[in-house]
Amino acid sequence: MKYTLIAWMRDKPGVLSRVSGMMRRRNFNIDSLQVGHTESPGISRMTFVVDGNERMVDQVIKQLRKLVDVTRVEDISEQPIVAREMALIRVSTNADNRSEIVQMVNIYRGEIVDVAMDSMIVQIVGAQDRVDSLIDLLSNFGISEMVRTGPVAMARGRTERTARRSSAVWRAQANGRDATATERFKTGGV
Amino acid sequence: MPKKNGNQPDRAPETPVPMKGGQMIWEAMVREGVRVVYGHPGGAILPAYDLLSPYEKEGKIHHVLVRHEQCAAHMADGWARATGEVGVCVATSGPGATNLITGLATAQMDSVPIVAVTGQVPTNLLGTDAFQESDVVGVSAPVCKHNYLVTDVADLPLILKEAFHIAREGRPGVVLIDICKDVQNATGEFRYDFEIDLPGFEPWPNVDMDIVRTAAELINKAERPLVLSGHGVQLARMGRELLELVERAEIPVVTTLLGTGNIPESHPLSLGMGGMHGEAYANRAVQACDVLIAMGMRFDDRITGRLDSFAKQAKIIHFELDRAEVGKNVVPDVPVIGDLAETLPAMLPMIEERRHQIWLQELKEWETDSAQTDIINYEVDELIPPYVIRQLWHSTSNASSEPAIIVTDVGQHQMWECQYFTHDQPGQLLTSGGLGTMGFALPAAIGAQMAFPDRLVWAVAGDGGFQMTLQELAVIKQEGNLPIKIAIINNGFLGMVRQWQQLFYEKRYTGTPVWSPDFVQLAAAYQIPALHVTKPEEVVPAFEKAHATPGPFLIDFRVKEEVNVYPMVAPGAAVDQLIRRPKPAVMQGYSGVQPSW
């Protein structure tokens, strides 16, 4: 299963290499990793997509939290979230298929950001499956170059920060009961 | 109990004084109570060394010149293990710093607090592959709790304070500070009354009393409880409370390698060490208990054996400070996260007085199946290592009122020490458990001896491991004839590797026979008195001579070559699948009476 984690960290030199070094050393599989600034100066935010089982993700979270520069980690895999990624795709074109491509891109609410005689660059922002599906379509025309980010993600509809709540707790609450002490400590506890 | 807060917010703010970066290092160390640093100078750390001299002259800091930087880390490690304080080592850039790594990794794996200071090339040369430049922060990061590269003198005082704070607080570990040469020369403002503000550093997690209660209830209900106790009990200084717990509820105790002596090993409830070379009954107890109370230990593969058959029948309670250790190897039923010095005393009043007669009776029967008494009950006609270690125990018990500190290297002699030496106090055995670093004994013993000049310190090493760091014999002399006693268990092999080759590689002894110099002549070159011992009857007089001789002493025990450590759990096997000593046992001529040793 794929898990989406968010980590906040002090924007110190080398923090990215600390995080990626720890992931490599512990033999964790990262599908994607995005870093960027946040609303608080000096704090960066990383969105990870990790492939693994629950025990592995539990370890990823705990090992991340052990890094001194990492201030907070959240597992938002089981919450309603908004996750978006972006891709730039250079598609080979000719006079015959150009308008067809434009139509498709419009359906996907993408944008044509550059046009040349024999190619154009398509920009798409959206959930992973939407990006996948447009890439799939465009590949019929020949993709000569592509770059794609991993997702950045945010939980929906909550203003209060509920940091350090384990997925076991979310599941318990989803089932309409309070989490047991064991569950609360499962991924690090409160 | 460790200090939970290094800050002193009530004091008037300290007036900053102008100071060179190099001096700030030593000033901060004085504030942290550091008395001894182990190091080796070089180009990139020279400005700091130059500014050390007033501190040495005033007797505030004593610098010990090591012969190899690895040993600077091991000495700081030995100091830290013996005292519980932060050990400090210093090295120059490039090779100096990379030489430290083995020592730092050793300390980090065993949760030993160390602050390492390394020089770095000047900031304008960073990244240019300058002379003696290496990416020390990058190289050391995987073996450190945290590390820093200092490129601005203005950051240095806070970094120094944070480094000691991080190394000491919570689960102890290694912090490295890499300081550019120009930063050491630059003048900045020094003050040390910072509030530590590390939002991502959570050394002492909050204790959930619900879970402590759950643990107590489970222990109260248990019919066959067992404590598996590790290094964490010593780090939290909870030996007495552990004893109170197990005596009140009558719970037998198995320890890990680093947990030896958590309760006195002569105590009837002690089953000694478990795991790969633990007694059969200790591992059998782990596989038969109904509640396993793991305390301050991390379920290392050497203690658990094959994980999917480890204590499957038991409910597991895991007392642990480091959250990441909970569920890493073994998923507990009741995870008690927090400082053991908080959780254990909080749980004690909830523990009922219990007796577990049937369980203890069963254990008593199992205890007759012992690899140790098996060999102790034979008279000796050859010099075998277990006999030497047993005599070491007798002899040190007689020689000194305070228990001796034994510092071992890694390998067969290390396991024999655990098996045949009876540790009645926590911290009596200092050994590299997690990383298993050969060459650890001599330098770590130097650190421990300097921490406790009046205590009897024995370095026990094999002929292989001793030759990895024997150059540090010079430090014994340079530091004023430190009274360290050294026992070399000399069997002409890298014994443990040879044992594996014998058992798993059909006796193909590739790369394991060891040629050694005459250790007595070698000691003589270092002006250290020494003896050869080749016969069993020479062992006791040799120990007596060593104890009677002031200053250092070295004994080269030329023991029987191919003796194995038994019992043994093969790597990857379940802990109750043992390789036992083949009969007849190693010794000849069973006398039928309990021998004097």
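This is a predicted model: local features need pLDDT of at least 70, side-chain atom pairs count only at pLDDT 80 or more; totals for chains, interfaces and linings use all residues.
**View 1. The interface of chain A and chain B.**
The contact draws 24 residues from chain A and 27 residues from chain B. Together the two chains bury about 2,100 Å². Carbon and sulfur atoms carry 51% of that area. One of the salt bridges pairs A:Arg65 with B:Glu202, at 3.1 Å from N to O.

**View 2. The side of chain A that touches chain B.**
Four elements of chain A each supply at least two residues of the side that touches chain B: helix H1 (15-25), helix H2 (54-66), strand E4 (70-75) and helix H6 (181-184). H2(A) gives the largest share, 7 residues. Sorted by class, this side of chain A has 12 charged, 6 polar and 6 nonpolar residues.

**View 3. A salt bridge from A:Lys66 to B:Asp322.**
The two side chains meet at 2.6 Å, N to O. A:Lys66 sits in helix H2 of chain A, and B:Asp322 in the loop between E13 and E14 of chain B, so this pair joins two chains. Are the two partners buried or exposed? A:Lys66 is partly exposed, at 34% relative accessibility. B:Asp322 is buried, with a relative accessible area of 7%. Salt bridges that share partners extend the picture: A:Lys66, B:Arg171, B:Asp322, B:Glu325 and B:Lys328 form one network.

The structure holds 39 salt bridges over all chains. In one of them, A:Lys2 pairs with A:Asp31, the closest N and O atoms lying 2.7 Å apart. This pair links distant parts of the chain: A:Lys2 belongs to strand E1 (residues 2-10) of chain A and A:Asp31 to strand E2 (residues 30-37) of chain A, 29 residues apart. A:Lys2 also forms a salt bridge with A:Asp51, with 3.7 Å between the closest N and O atoms. A:Asp51 lies in strand E3 (residues 43-51) of chain A and A:Lys2 in strand E1, so the pair ties together parts 49 residues apart in sequence. A:Asp31 is partly exposed at 41%. A:Asp51 is partly exposed at 30%.

**View 4. The fold of chain A.**
Chain A has 6 helices and 9 strands. Of its 190 residues, 46% count as buried. Among contacts in chain A with a separation of 6 or more, 71% come from residues 24 or more positions apart.

Helix H13 of chain B covers residues 340-347. Its buried residues are B:Leu340, B:Ala341, B:Thr343, B:Leu344 and B:Met347. What do they pack against? Their partners in chain B are helix H8 (209-221), helix H9 (231-235), helix H10 (239-248), strand E12 (291-295), strand E13 (315-320) and strand E14 (334-337). B:Asp339 caps the N-terminal end of H13(B). One of its side-chain oxygens lies 3.0 Å from the backbone nitrogen of B:Ala341.

**View 5. B:Thr260, a buried loop residue.**
B:Thr260 lies in the loop between strand E10 (253-255) and strand E11 (270-273) of chain B. At 1% relative accessibility, B:Thr260 counts as buried, because the cut-off is under 20%. A polar atom of its side chain lies 3.2 Å from the backbone oxygen of B:Leu257. Neighbours within four places in sequence aside, B:Thr260 is in contact with B:Gln234, B:Thr255, B:Glu265, B:His423, B:Gln425, B:Pro426, B:Gly427 and B:Leu429.

**View 6. Confidence along chain B.**
The average pLDDT of chain B is 93. Of its residues, 94% score at least 70.

Notes:
Residues are numbered from 1 along each chain as its sequence is written. Chains are lettered from A and ligands numbered from 1 in the order in which they are written. Side-chain values use heavy atoms; hydrogens and water are left out. Contact means heavy atoms within 4.5 Å. Buried area is the accessible area (1.4 Å probe) that two parts lose on being put together, summed over both. A salt bridge is a side-chain nitrogen of Lys or Arg within 4 Å of a carboxyl oxygen of Asp or Glu. Ala, Val, Leu, Ile, Met, Phe, Trp, Tyr, Cys and Pro count as nonpolar, Asp, Glu, Lys and Arg as charged, and the others, Gly among them, as polar. Buried means under 20% relative accessible area, exposed over 50%, partly exposed in between (1.4 Å probe, protein chains only). A polar contact is a pair of N or O atoms within 3.5 Å; within protein, one must be able to donate a hydrogen and the other to accept it, and residues adjacent in sequence count only if both atoms are side-chain atoms. pLDDT is the predictor's confidence in each residue, from 0 to 100.
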